[in-house]
4 protein chains.
Amino acid sequence: MTQIDKSVVDAQNDKASAALKADYAALGEHLSRRGINIDAIKAKVAHYGVAVPSWGVGTGGTRFARFPGAGEPRNIFDKMDDCAVIHRLTGATPSVSLHIPWDKADPAALKAKAEETGLTFDAMNSNTFQDQAGQKHSYKFGSLSHANAATRQQAAEHNIECIEIGKAIGSKALTVWIGDGSNFPGQTNFTKQFERYLEAMRSVYKALPDDWRIFTEHKMYEPAFYSTVVQDWGTNYMIAEALGPKAYCLVDLGHHAPNVNIEMIVARLIQAKKLGGFHFNDSKYGDDDLDTGSIDPYRLFLVFNELVDAEMRGAAGFSPAHMLDQSHNVTDPIESLMVSAMEVQRAYAAALLVDRKALEGFQEENDALMATNTLKKAFRTDVEPILAMARLEKGAAIDPVTAYRASGYRAKVAAERPAVSGAGGGIV
Amino acid sequence: MTQIDKSVVDAQNDKASAALKADYAALGEHLSRRGINIDAIKAKVAHYGVAVPSWGVGTGGTRFARFPGAGEPRNIFDKMDDCAVIHRLTGATPSVSLHIPWDKADPAALKAKAEETGLTFDAMNSNTFQDQAGQKHSYKFGSLSHANAATRQQAAEHNIECIEIGKAIGSKALTVWIGDGSNFPGQTNFTKQFERYLEAMRSVYKALPDDWRIFTEHKMYEPAFYSTVVQDWGTNYMIAEALGPKAYCLVDLGHHAPNVNIEMIVARLIQAKKLGGFHFNDSKYGDDDLDTGSIDPYRLFLVFNELVDAEMRGAAGFSPAHMLDQSHNVTDPIESLMVSAMEVQRAYAAALLVDRKALEGFQEENDALMATNTLKKAFRTDVEPILAMARLEKGAAIDPVTAYRASGYRAKVAAERPAVSGAGGGIV
Amino acid sequence: MTQIDKSVVDAQNDKASAALKADYAALGEHLSRRGINIDAIKAKVAHYGVAVPSWGVGTGGTRFARFPGAGEPRNIFDKMDDCAVIHRLTGATPSVSLHIPWDKADPAALKAKAEETGLTFDAMNSNTFQDQAGQKHSYKFGSLSHANAATRQQAAEHNIECIEIGKAIGSKALTVWIGDGSNFPGQTNFTKQFERYLEAMRSVYKALPDDWRIFTEHKMYEPAFYSTVVQDWGTNYMIAEALGPKAYCLVDLGHHAPNVNIEMIVARLIQAKKLGGFHFNDSKYGDDDLDTGSIDPYRLFLVFNELVDAEMRGAAGFSPAHMLDQSHNVTDPIESLMVSAMEVQRAYAAALLVDRKALEGFQEENDALMATNTLKKAFRTDVEPILAMARLEKGAAIDPVTAYRASGYRAKVAAERPAVSGAGGGIV
Amino acid sequence: MTQIDKSVVDAQNDKASAALKADYAALGEHLSRRGINIDAIKAKVAHYGVAVPSWGVGTGGTRFARFPGAGEPRNIFDKMDDCAVIHRLTGATPSVSLHIPWDKADPAALKAKAEETGLTFDAMNSNTFQDQAGQKHSYKFGSLSHANAATRQQAAEHNIECIEIGKAIGSKALTVWIGDGSNFPGQTNFTKQFERYLEAMRSVYKALPDDWRIFTEHKMYEPAFYSTVVQDWGTNYMIAEALGPKAYCLVDLGHHAPNVNIEMIVARLIQAKKLGGFHFNDSKYGDDDLDTGSIDPYRLFLVFNELVDAEMRGAAGFSPAHMLDQSHNVTDPIESLMVSAMEVQRAYAAALLVDRKALEGFQEENDALMATNTLKKAFRTDVEPILAMARLEKGAAIDPVTAYRASGYRAKVAAERPAVSGAGGGIV
């Protein structure tokens with residue numbers, strides 16, 4: 001196992017700590033004038049964690065091409081090494097989310113690796129949007145909603161297998177995202193297809209342990225281009241209602257129609273006690289899977305504004321899971337995931353700065369200008385010193401990207417892991 | 001009351017009937033080769049009706065300007081005269097939907113006018129998106145969801161008044177569309193605002209007679225430009241669930257996010273037994289309120305494909321109300337409404353031609369190409385002879401627009417009704 | 001003329017200056033560690049100005065309703081008083097942009113009012129999207145592109161009249177935005193309509209003094225809902241090319257298709273030496289005309305990143321005009337315009353903080369992560385102390401909204417200016 | 001070479017010809033009443049051809065998965081066999097468009113295969129969006145616009161190589177589509193990137209024979225998800241202008257922002273004498289590459305309405321290339337391409353039915369309703385008998401899909417061509 005040497009982190013932190021202390025002190029004084037205790041915010045930020053998807057540490061791609069980087073992880077153990085680096089330097093990503101069958105391995109070996117890397121296992125992810133070698137029934141025309149009962153059963157059994165693996169390694173949730181839908185008007189009967197989906201999901205739900213949750217994920221389109229079975233939060237909510245109290249809706253920030261107000265969907269799902277969690281990323285056009293906060297950081301803040309609001313008022317049934325879900329096509333995935341984890345923390349920290357009492361007053365009085373300024377004031381506060389100090393105090397890096405580059409980790413794993421040639425091609 | 005002279009219609013029909021008979025006969029033979037009885041289709045089409053909104057017969061406008069036409073109706077009685085012309089010539093619009101307070105009048109006079117014109121009253125529409133002269137509480141910051149309880153009560157009472165008026169004139173439904181929302185992040189608390197809305201709507205629901213239905217209408221944006229209380233079908237569905245069995249969701253075709261699959265939403269609401277009805281129109285960009293079928297006629301067909309599917313399989317609780325809701329900025333509203341009513345009929349007729357047994361077979365076999373071709377074959381069949389023959393047989397016009405123009409109706413009412421100057425102005 | 005008393009501003013500034021000095025000093029030290037001289041940035045910000053549209057100080061509305069506020073300006077002189085308040089408190093809006101015929105008045109009186117208020121006149125705006133009382137030819141079906149030559153000539157003459165008025169009061173530019181387009185496929189012939197537009201614009205261009213510029217503004221839709229003559233920057237660029245060297249393209253941030261990369265359009269127009277200027281505002285859905293920076297502040301920053309890049313490298317022909325263009329439906333327009341002017345300054349200040357040398361290096365090396373972090377680092381720096389100090393030093397308010405509210409200006413003008421009743425109504 | 005037996009086609013045609021003759025006669029009579037000679041329309045349709053992309057005959061996929069069908073073509077020769085089937089049965093696709101390096105082969109062998117299959121070669125397509133084995137410089141960060149001069153040169157040389165191959169096999173055009181862009185704000189400098197692109201393209205343009213054309217293709221996003229070098233028609237037009245008279249813009253129907261009026265872009269490019277041609281397909285969300293006309297057939301008709309308008313008035317420089325460009329993920333590609341070719345013909349035939357003289361009159365008089373009805377009347381005419389008769393008369397199939405299925409072609413090639421396993425996987 002390749003690791004980041006403590007001396008590398010320390011050396012980088014030594015260089016940056018004086019400036020950080022000055023920035024932190026200045027921010028502390030500023031916030032104190034606003035009636036905010038900076039240490040209390042820091043404590044909350046330090047406590048916050050977001051899960052990393054195992055598949056995120058490999059270079060992503062599009063239907064046109066994939067351009068791999070050096071040192072691509074070969075298996076779940078390499079991936080967990082990479083994830084450990086992310087957590088080592090940011091202190092913000094204590095858990096990993098596995099994808100079956102990509103990450104299938106001996107549960108004991110997985111648990112040992114988790115112990116070695118200090119990571120835990122977040123939600124399990126099933127895969128019925130691809131065919132695996134030797135698979136009996138193809139998912140070309142759907143999986144859990146397929147017209148053929150045997151195909152549906154195969155897909156349901158795969159999900160149950162994911163639960164079994166998860167139980168063995170200490171996971172407590174299953175995330176179900178399917179590619180089922182259609183590419184042509186008339187290809188499927190919307191109603192029958194949805195009924196078949198619900199029936200298959202009910203059989204999966206039955207296999208769910210009492211202390212587990214099941215997350216269903218909606219997505220407007222892709223890979224299906226005319227209709228998708230779980231196309232939006234409305235359908236997702238119908239599913240969670242139909243399945244039962246352990247079923248929740250997962251919100252991926254990139255899975256909505258253009259212009260949709262996502263923070264409002266978050267509020268509605270909280271109100272319905274059905275918000276299961278998030279797949280964080282950012283997007284400009286479709287499901288672009290760009291780095292979280294890289295395109296519209298204010299939107300991310302507004303989502304966290306809803307989460308902090310729910311946290312503060314102790315909304316019933318509110319306990320969302322947080323995970324990154326991105327495709328890193330042109331960056332080192334480890335760097336992107338580190339920066340993204342920090343962006344999520346940043347949005348959280350800024351949302352904590354909102355003067356909620358003042359906000360409520362402005363809302364009661366319909367003082368739209370001051371209400372929105374209250375949010376903007378929190379958003380534009382540069383909370384970087386809070387994040388960095390939280391990292392420093394837990395032994396992570398003040399500047400994770402610089403420390404990572406200084407460590408030479410990528411070069412080291414590139415030497416161990418064989419180069420991968422550019423895949424992709426005929427798919428246009 | 002200005003009317004269309006029977007002689008005018010007869011004269012126009014006489015000119016066109018020979019060609020129509022030939023077209024109808026040819027189509028009948030063609031359909032018979034496809035196993036379809038043209039007369040059965042015609043009977044269904046003849047039976048079909050769509051309601052006209054009272055406000056639709058006046059020239060519409062935008063926030064930039066309104067360019068009135070000649071003979072603008074001065075009040076609900078003029079409007080009903082115009083609506084009577086539409087039904088007289090198309091035979092497709094037997095009812096009118098009133099908007100309160102715009103159409104407020106003595107119920108007895110309304111009933112008398114209905115008798116005189118041969119029209120009936122469809123759903124009542126309330127208005128809490130504008131302030132009326134002398135109104136106690138302003139709706140500038142909302143109505144049914146306003147932060148102020150007295151404003152919410154005023155809005156609820158107005159809706160109850162609409163029910164009362166409706167009861168007096170034989171309506172059986174109330175449609176509630178509100179402009180409530182916000183223009184700035186933070187202006188309102190999404191959750192509290194929605195709870196207030198639900199509370200106010202419950203008081204309206206209580207006043208609903210047992211044989212009435214209440215329709216709530218979702219809309220993504222406008223007049224509120226950051227958030228809308230009933231922003232999409234998901235929230236609309238939550239409302240219908242919360243209110244009870246007489247509450248249903250209304251779908252306005254122009255109220256969705258870009259690219260959204262509307263026919264799928266229709267299917268989901270049918271499945272949930274909560275589809276209340278439609279506001280038909282067409283749009284290219286936002287809530288453009290263009291003439292039905294003028295921009296994407298295939299989408300309209302696909303919506304009707306769902307409706308006919310539900311009708312054929314006798315879906316439980318399926319009884320949607322059909323209404324046009326358009327803004328006629330550059331055409332004679334009577335002409336646009338006639339053409340739009342026929343476009344709705346056209347979509348219905350074409351959807352009736354779908355070979356549903358074959359379609360089901362293709363769907364079972366995942367024969368996407370033949371499934372979609374089955375829809376396309378029905379769609380591309382020119383059903384105009386069926387529609388025209390249905391009109392001819394009920395004494396309406398083969399070609400309503402030509403007959404209308406020949407009648408000189410617009411010039412006649414222009415002489416009776418004073419010219420209106422172009423309104424609009426400071427609103428940019 | 002009602003004015004803001006110096007004592008009110010001073011009193012507010014006195015309360016806030018100690019905190020500001022502390023914040024400014026801390027930021028100065030922080031920036032100094034990043035190699036940036038805070039005073040140099042402040043000087044640039046202090047120099048920056050954005051024009052206010054005369055119509056912006058009245059309450060806006062939608063096609064559904066308008067809810068006026070207290071003290072609505074009655075004419076251009078009231079409007080200039082309001083504009084003077086905005087500049088008095090922010091020091092950021094030295095000029096006003098007039099709209100003809102709304103602001104038509106004796107040029108000598110206008111100049112006197114300008115002298116009295118210390119304002120200057122920015123670009124003139126013509127109006128051929130509404131009919132004025134007594135107007136010979138209606139613009140219902142277009143103006144500069146109308147099928148009828150006499151209507152086109154009337155519209156061209158109106159634009160020439162705007163130039164004449166502008167010459168008399170010291171303006172140096174004409175902005176032409178038209179509502180011309182169509183609501184139905186086939187309503188107009190795209191090509192002929194555009195040729196007619198070009199011909200009419202050539203006659204306006206001929207009347208343009210040598211030291212003037214003409215700005216054409218593109219917009220995707222509204223008030224026309226199927227097609228618009230100047231629908232996007234491609235057509236806008238064709239126009240500027242066709243007209244000549246004094247013709248430039250104006251970019252309104254809210255006039256684009258969903259998801260469009262506006263900062264890239266800005267870059268292309270700079271490259272083509274055809275960027276004339278901006279109408280700043282923000283939007284979530286369509287041409288929402290929300291307050292600048294209220295929805296997506298990072299997008300605004302990215303636009304300014306292009307502007308500062310062009311400024312720094314001395315791009316040829318680069319001299320864009322900056323103007324706000326918003327509709328204030330639920331706020332006091334004066335407050336919204338003050339905040340928006342500051343948001344524009346904020347984006348400018350943050351863009352000035354970008355380490356452009358580092359950025360260029362990262363771009364050369366395809367270090368996408370560090371390149372984007374370079375922008376994010378500048379964006380997340382809270383530049384409020386710079387803006388506030390610039391205001392304080394020029395005698396404006398540290399916190400303009402608080403000072404404005406303390407001044408009682410709105411109540412004073414409400415006493416002088418008669419209340420306006422809620423307009424809007426039949427337009428749905 | 002596997003072929004479709006004439007007897008199979010004849011047998012199918014025999015079954016369907018009586019009905020076709022009846023339908024054709026009835027439609028002829030109907031059109032004759034509208035003053036249209038059906039045989040003249042048929043002659044134009046019979047003459048019309050659309051090119052097939054070589055890559056279109058293989059099953060497509062998404063970044064999530066690819067589900068191959070039976071008998072996937074192994075190389076360009078297999079692909080040309082498949083293309084020959086399409087033309088054999090539809091008579092509508094006389095040419096094939098090659099993609100280099102996918103279709104690289106001995107030019108003599110290609111010419112021989114063309115002769116054998118009766119096909120010709122349409123535009124050449126280069127590929128600089130993927131890395132090929134052994135390629136010196138990677139396109140991960142761009143090709144023709146790459147920051148590195150050597151990479152740009154490599155990409156330019158590849159394009160020149162495509163011209164050379166094309167010259168050897170009789171092609172007359174090069175289509176250049178690149179994936180260059182960026183995934184993060186700041187990753188590239190828009191202006192420098194575009195300048196580099198233009199410089200590289202100039203070197204390609206220089207190598208273009210005098211009787212060739214070069215087509216550049218714009219695309220809003222994908223594979224780049226923040227910015228694309230040739231993002232829209234405005235930039236595309238700037239390129240065609242910068243390069244010279246042999247440079248034209250190619251319009252792919254799926255490459256635009258949501259809601260964009262594509263037919264208007266077509267009109268603008270015709271007006272600018274820069275419309276090079278089309279990649280036909282359909283889409284609901286993004287670049288979905290669905291079958292042409294499958295989602296919005298009226299939009300396709302409106303595009304052809306512009307083309308026929310230009311054809312009729314003899315627009316200068318008007319000679320667009322027509323090609324299909326689709327991804328067939330759930331259908332037999334041969335079937336989809338046959339149906340799509342017919343949909344293109346259908347849109348063309350319907351556009352030929354537009355009464356252009358009447359339309360012009362309605363446009364002159366601003367009779368929006370009758371103008372749009374004129375288009376709708378043409379669109380809703382079922383022209384299938386015209387298309388089918390044109391096919392029958394040239395020895396193709398009345399019903400190509402049925403004939404194809406009867407022929408057993410897919411099973412035959414599946415026996416010859418080894419099965420391909422489902423690719424895709426790590427790319428999410």
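Modeller: Let's start with a definition: two residues are in contact when they have heavy atoms within 4.5 Å of each other. Please keep in mind that this model is predicted.

Biologist: Thanks! With that in hand, how many residues does the contact take from chain D and from chain B?

Modeller: The contact takes 39 residues from chain D and 39 residues from chain B.

Biologist: And how do I read the size of an interface?

Modeller: It is often given as the accessible area lost when the parts come together. Here, chain D and chain B bury about 3,200 Å² between them, with 51% of that on carbon and sulfur atoms. Asn259(D), Leu369(D) and Arg380(D) supply 21% of the area that chain D buries against chain B, more than any other three residues.

Biologist: What about charges? How many salt bridges are there between chain D and chain B?

Modeller: There are ten salt bridges between chain D and chain B. One of them joins the side chains of Lys376(D) and Glu343(B), at 3.3 Å from N to O.

Biologist: Which helix of chain D gives the largest share of the side that touches chain B?

Modeller: That is helix 12 of chain D, with seven residues. By class, the side of chain D that touches chain B has 16 nonpolar, nine polar and 14 charged residues.

Biologist: Now let's turn to chain A. How does its contact with chain D look?

Modeller: This contact takes 51 residues from chain D and 51 residues from chain A. The buried area is about 4,700 Å², and carbon and sulfur atoms give 66% of it. In chain D, the residues that lose the most area to chain A are Phe67(D), Lys140(D) and Tyr285(D), together 16% of what that side buries.

Biologist: How many salt bridges cross the interface of chain D and chain A?

Modeller: Six salt bridges cross it. In one of them, Asp287(D) pairs with Arg63(A), and the closest N and O atoms are 2.9 Å apart.

Biologist: How should I think about the way two copies are arranged?

Modeller: Two copies of a chain are related by a rotation about an axis and a shift along it.

Biologist: Why do we say that chain D and chain A meet through the same surface?

Modeller: Because 100% of the interface residues of chain D are also interface residues in chain A.

Key: Residues numbered from 1 in each chain as written. Chains lettered and ligands numbered in written order. Predicted model: local features only at pLDDT ≥ 70, side-chain atom pairs only at ≥ 80, totals over all residues. Heavy atoms only, no water. Buried area = accessible area lost by both parts, 1.4 Å probe. Salt bridge = Lys/Arg side-chain N within 4 Å of Asp/Glu carboxyl O. Helix = DSSP H or I, 4+ residues; strand = E, 2+ residues; numbered from the N terminus. Nonpolar A, V, L, I, M, F, W, Y, C, P; charged D, E, K, R; others polar.
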